[in-house]
Amino acid sequence: MAGKPGFFWSLLTQKCPHCRRGDMFSNPNPWNLKEMTKMPAHCPVCGQLFELEVGFWYGTAYVSYLLTVIFSGLSFGLWWLTIGFSLEDKRFFWWLGINGFLLLVLQPWIMRLSRAMYLYFFVSYDEHFESSPPKTFDYSSEDYFLKKEDPLK
Ligand SMILES: [Zn+2]
């Protein structure tokens, strides 16, 4: 296969971290709420296990909280630069409402992105994914805590 799929693009499109080709989620549309968090057990392309251990996804709550904070910070900054804030009118509350609304609408996507980011933290890209076995979660192995390659390259 040609080329190495980019780190950020694979993350944003929620591809498997091991091969960056297989989809992490069964339904490509995150706003189909019934299937929002439905994932195959293994990557359809390389066989990478997604839920590395029971309860693995609980940690994603912190990631999604962080993303929510970052999003709100950015929208606050953008609002400040374009519309501004004043004590004499209700502009602040408009921002609060619109920001809350956007977060609500984006929630399914943020949830998926959190899972992807969380899994990317533990599983790194392997360009020989077709011939080498997928990674398993093994606390006794140091592999999972040592970065083998810079994911930004
Ligand atoms: Zn894969």
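Visitor: Is Gln14 buried or exposed?
Guide: This is a predicted model, in which local features need pLDDT of at least 70 and side-chain atom pairs count only at pLDDT 80 or more, while totals for chains, interfaces and linings use all residues. Residues are numbered from 1 along each chain as its sequence is written. A residue is buried if 20 or more other C-beta atoms, placed from the backbone, lie within 10 Å of its own, exposed if 12 or fewer do, and partly exposed in between. Gln14 has 21 other C-beta atoms within 10 Å and is therefore buried.

Visitor: What value does the phi of Gln14 take?
Guide: Most residues other than glycine have a negative phi. Gln14 is not glycine, yet its phi is positive, near 55°.

Visitor: Where is Arg20, whose phi is also worth noting?
Guide: Arg20 is not a glycine, but it has a positive phi of about 60°. Arg20 is buried, with 23 other C-beta atoms within 10 Å. Its place is in the loop between α1 and α2.

Visitor: Which pattern does the protein chain follow along the sequence?
Guide: Helices are DSSP runs of H or I with at least four residues and strands are runs of E with at least two, numbered from the N terminus. The protein chain has three helices and zero strands. Read along the sequence, its pattern is α-α-α.

Visitor: How are α2 and α3 oriented to each other?
Guide: Axes are lines fitted to C-alpha atoms, for helices over the stretch in contact, with angles from 0 to 180 degrees between N-to-C directions. The axes of α2 (residues 60-82) and α3 (residues 91-122) come within 8 Å and cross at roughly 140°. Angles under 35 degrees count as roughly parallel, over 145 as roughly antiparallel, 65 to 115 as roughly perpendicular and the rest as oblique. The two helices, α2 and α3, are therefore oblique.

Visitor: Which residues touch the most other members of the largest nonpolar core?
Guide: A nonpolar core is a set of buried Ala, Val, Leu, Ile, Met, Phe, Trp, Tyr and Cys residues joined through C-beta atoms within 7 Å. The largest such core has 14 residues, and those touching the most other members are Cys16, Cys19, Met24, Cys43, Cys46, Ala116 and Leu119.

Visitor: With which residues is Ala116 in contact, leaving aside its neighbours within four places in sequence?
Guide: Two residues are in contact if their C-beta atoms, placed from the backbone, lie within 7 Å. Beyond those neighbours, Ala116 is in contact with Leu11, Gln14 and Met24.
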